[in-house]
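Here's a quick briefing to read alongside the coordinates. Have the viewer open and follow along.

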Amino acid sequence: MRRFGGASGTVPQHCPRRLAARNRERVQLGRYVVHVSSYGRQDSEWVELEEAGRTYLIEVARRGEDTSYTELNRELVERTGLPGFDFSSELGRAAMGHLLYLIVSRDYPDSGFMLSALVHYVGGNEPGPGFYALGKDKGLFHASGDKLAFWVTQLQGIYAAYAR
């Protein structure tokens, strides 16, 4: 298992794996009780989704573009053949957040920035709250900080890291 978070390698407080450990591997999400680290998927699927998602986001960064959660979901289905995430449910949205956590955990040592900065809501122009929570857990963002400035810094860093 990859470790993430500062020099100590601790897992962020909001991370599904930490929640799972505190809750005996089960968490109540609305009417669902789930094994949080899997969200109904096999470990091999998460590995495939992480690799496909990271590859896609690096391609997006190299083009100097951004993408939406919906576009990322569509690309993942196309590239892996696995079922997409259901954004109409809390569980589906949490699972996408978990995937982005995995992608950032894998990519951050290489790029030094949060690759998930490229992903935003359809019709929106900034990432979801999980982006800022992860930045806070990594010690990169402080709750009293300027969200826009943090996001722009991460975007610029990702674009520079993956410029051709």
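Which exposed residues does the face of α5 turned away from its buried side carry? They are Pro 129 and Lys 136. Keep in mind that this is a predicted model.

**Helix α5**

- Helix α5 runs over residues 129-137, and its buried residues are Phe 131, Tyr 132, Leu 134 and Gly 135.
- As for partners, the buried residues of α5 pack against α4 (90-111) and α6 (147-161).
- Turned away from that buried side is the face with Pro 129 and Lys 136, both exposed.
- After α5 comes Gly 139, which has a positive phi, near 80°.

**Thr 80: setting**

- Thr 80 has a relative accessible area of 14%, so with the cut-off for buried at under 20%, Thr 80 counts as buried.
- Leaving out residues up to four places away in sequence, Thr 80 touches Glu 48, Leu 49 and Ala 52.

**Thr 80: polar contacts**

- Looking at Leu 76, the side chain of Thr 80 reaches the backbone oxygen of that residue at 2.6 Å.
- Over at Leu 82, the backbone nitrogen lies 3.1 Å from a polar atom of the Thr 80 side chain.

Conventions: Residues numbered from 1 in each chain as written. Predicted model: local features only at pLDDT ≥ 70, side-chain atom pairs only at ≥ 80, totals over all residues. Heavy atoms only, no water. Buried < 20%, exposed > 50% of the residue type's maximum accessible area, 1.4 Å probe, protein only. Polar contact = N/O pair within 3.5 Å; in protein donor to acceptor, adjacent residues only side chain to side chain. Contact = heavy atoms within 4.5 Å. Helix = DSSP H or I, 4+ residues; strand = E, 2+ residues; numbered from the N terminus.
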